[in-house]
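Okay, thanks for making it, everyone.

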Amino acid sequence: LKQAQIFSDYLVRSAGESLKDQVSLALTRVMQRSPTNEEIQQGLDLISNLQKEDGMSPEQARKYFCLVALNLNEFIYLD
């Protein structure tokens, strides 16, 4: 969770206030390729659902998105 928070803070500093830009940057950094529009939308949907269904703040939801991104198979298993 600590690394997810650091990553989340980095996204805000680097991508600005646009959540779509933050998600795109996160996926680009984690997967080392350009994310598809569908992947970006899935990230945005996850953040939205965490806020609506779990009552998380935007900052908390972004942190948990970062945790998910850091646990993607494309990040863990490098060829």
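So, which residues touch the most other members of the largest nonpolar core? Of the 17 residues in that core, the answer is Phe7, Val23, Leu27, Phe65 and Cys66. By nonpolar core I mean a set of buried Ala, Val, Leu, Ile, Met, Phe, Trp, Tyr and Cys residues joined through side-chain atoms within 4.5 Å. Helix 1 (2-15), helix 2, helix 3 and helix 4 each put in at least two residues, and helix 2 gives the most, with five. Helices here are DSSP runs of H or I, at least four residues, numbered from the N terminus.

Quick caveat before I go on: this is a predicted model, where local features need pLDDT of at least 70 and side-chain atom pairs count only at pLDDT 80 or more, while totals for chains, interfaces and linings use all residues. Residues are numbered from 1 along each chain as its sequence is written, and side-chain values use heavy atoms, with hydrogens and water left out.

Skipping residues up to four places away in sequence, Val23 touches Ile40, Gly43, Leu44, Ile47 and Phe65; touching, or contact, means heavy atoms within 4.5 Å.

Now, helix 3. Ile40, Gly43, Leu44, Ile47 and Leu50 are buried there, where buried is under 20% relative accessible area, exposed is over 50%, and partly exposed is in between, using a 1.4 Å probe and protein chains only. Looking down the axis of helix 3, the buried residues sit within an arc of 120°, so they line one face; the arc is taken from the directions from the helix axis to the C-beta atoms. As a reminder, an α-helix has 3.6 residues a turn, so residues three or four places apart point the same way. Helix 2 (19-31) and helix 4 (58-70) are among what covers that buried set.

On the other side of helix 3, Asn37, Glu38, Lys52 and Glu53 are exposed. Asn37 has a relative accessible area of 64%. Just after helix 3, Gly55 takes a positive phi of about 65°.

Arg33 pairs with Glu39, with the closest N and O atoms 2.7 Å apart. Arg33 is partly exposed, at 29% relative accessible area.

Conventions:
A salt bridge is a side-chain nitrogen of Lys or Arg within 4 Å of a carboxyl oxygen of Asp or Glu.
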